[in-house]
Amino acid sequence: MSPRSASVNEELRRRSRERLLQAAVELVDERGFEATTLGDIADRAGSARGLVSYYFPGKRQLVQSAVHRLMHRTLEEALEREPHTEDGRERLARAIDAILGLARDRPVLMRQHMAGLLQAEGFVQCPEQRRLSELLGDTVARYGSEDVTADYPMLRALLMGAVYAALIPGAPMPVPVLRAELFRRYGLDREAGVPPESETGEEPRKRDLSRFFATEERPSGP
């Protein structure tokens with residue numbers, strides 16, 4: 001049997017990493033960070049346990065990368081949903097609703113993520129985190145910022161603060177209240193984005209996360 005080509009090996013590695021990211025998000029969402037082991041994640045992903053350390057230095061780095069993936073793909077989906085728009089104000093409204101929606105729909109996962117950011121490692125610099133930064137920076141630019149390097153960190157801080165406020169055990173603030181305050185700050189119409197009343201009676205976001213993790217074979221090109 002001839003050895004696999006470099007491109008095949010690269011694809012297999014990519015798919016293994018994707019399965020680990022998906023398994024990490026699913027298990028922490030179900031059980032919490034402390035109750036989830038690297039062995040659990042490897043088993044859910046169908047990977048050898050030693051393979052986890054090939055991609056990630058530890059559990060916290062793996063989980064943070066996985067949550068950043070969920071965040072950037074959720075944001076991407078919200079920004080590009082139909083009807084498609086290039087309007088900066090609408091896109092900012094969608095971005096705010098996407099991030100607050102994660103706090104509402106996946107409180108265990110997002111609470112663990114916020115706690116992890118306060119550990120010594122802080123932000124994990126990974127492709128998932130960089131993509132999230134790019135999307136938020138582009139949103140700020142389309143909104144009309146004249147200084148994205150200053151306005152993007154402010155938006156990020158306000159979103160993180162709102163998520164934290166929504167998830168404080170014993171004293172959470174209602175997501176609609178936090179949304180109204182952010183919309184007021186940015187001068188957004190409350191009917192923009194995904195108003196809370198438009199989701200009345202709907203199930204929380206689908207539990208299936210597979211659409212955010214590309215474990216299928218990608219097209220080879222046009």
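## Basis of the model

Contact here means heavy atoms within 4.5 Å. With that cut-off, residues 24 or more positions apart account for 71% of the contacts in the protein chain that have a separation of 6 or more.

The model is predicted: local features need pLDDT of at least 70, side-chain atom pairs count only at pLDDT 80 or more, and totals for chains, interfaces and linings use all residues. Residues are numbered from 1 along each chain as its sequence is written, and side-chain values use heavy atoms, with hydrogens and water left out.

## Confidence

The pLDDT is the predictor's confidence in each residue, from 0 to 100. For the protein chain the average is 88, and 88% of the residues score at least 70. Among the elements, the lowest mean pLDDT, 87, belongs to helix α3 (residues 49–55), and the highest, 97, to α9. In residues 217–222 the pLDDT is below 50, and this stretch has 5 contacts in the model beyond near neighbours in sequence.

## Secondary structure and surface

The protein chain has 9 helices and 0 strands. Both kinds of element are DSSP runs numbered from the N terminus (helices: H or I, at least four residues; strands: E, at least two). The order from the N terminus is α-α-α-α-α-α-α-α-α.

Accessible areas come from the Shrake-Rupley method with a 1.4 Å probe, and for residues only the protein chains shown count as cover. The accessible surface of the protein chain is about 11,900 Å², and carbon and sulfur atoms hold 54% of it. Of the 222 residues, 47% are buried (buried is under 20% relative accessible area, exposed over 50%, partly exposed in between; 1.4 Å probe, protein chains only).

## Nonpolar core

A nonpolar core is a set of buried Ala, Val, Leu, Ile, Met, Phe, Trp, Tyr and Cys residues joined through side-chain atoms within 4.5 Å. The largest one has 58 residues, and L20, L62, L75 and I96 have the most contacts inside it. Leaving aside residues up to four places away in sequence, L75 touches A95, A98, L132, L135 and L136.

## Aromatic pairs and charges over rings

Rings of Phe, Tyr and Trp (its six-membered ring) pair if their centres lie within 6.5 Å; planes under 30 degrees apart count as stacked, over 60 as edge-to-face and the rest as tilted. The whole structure has 3 aromatic pairs. The ring centres of Y55 and F56 are 6.5 Å apart and the planes are at 55°, so this pair is tilted. Both Y55 and F56 are buried, and together with Y54 they form one aromatic cluster.

Y143 and Y186 make an edge-to-face pair, 5.7 Å centre to centre with 85° between the planes. Because Y143 lies in helix α7 (residues 127–143) and Y186 in helix α9 (residues 175–186), the pair ties together parts that are 43 residues apart in sequence. Y143 is partly exposed, at 28% relative accessible area, whereas Y186 is buried at 10%.

A charge sits over a ring if NZ of Lys or CZ of Arg is within 6 Å of the ring centre and within 35 degrees of the ring normal. R60 lies over the face of F33, 4.3 Å from the ring centre. The charged end of R179 is over the ring of F183, at 4.0 Å from its centre.

## Other local features

D29 is part of helix α1 (residues 6–31) and is buried, with 10% relative accessibility. The C-alpha atoms of D29 and M110 are 8.3 Å apart in space, while the two residues are 81 residues apart in sequence.

The peptide bond joining E82 and P83 is cis, with omega about -5°. P83 is placed in the loop between α4 (59–80) and α5 (88–105).
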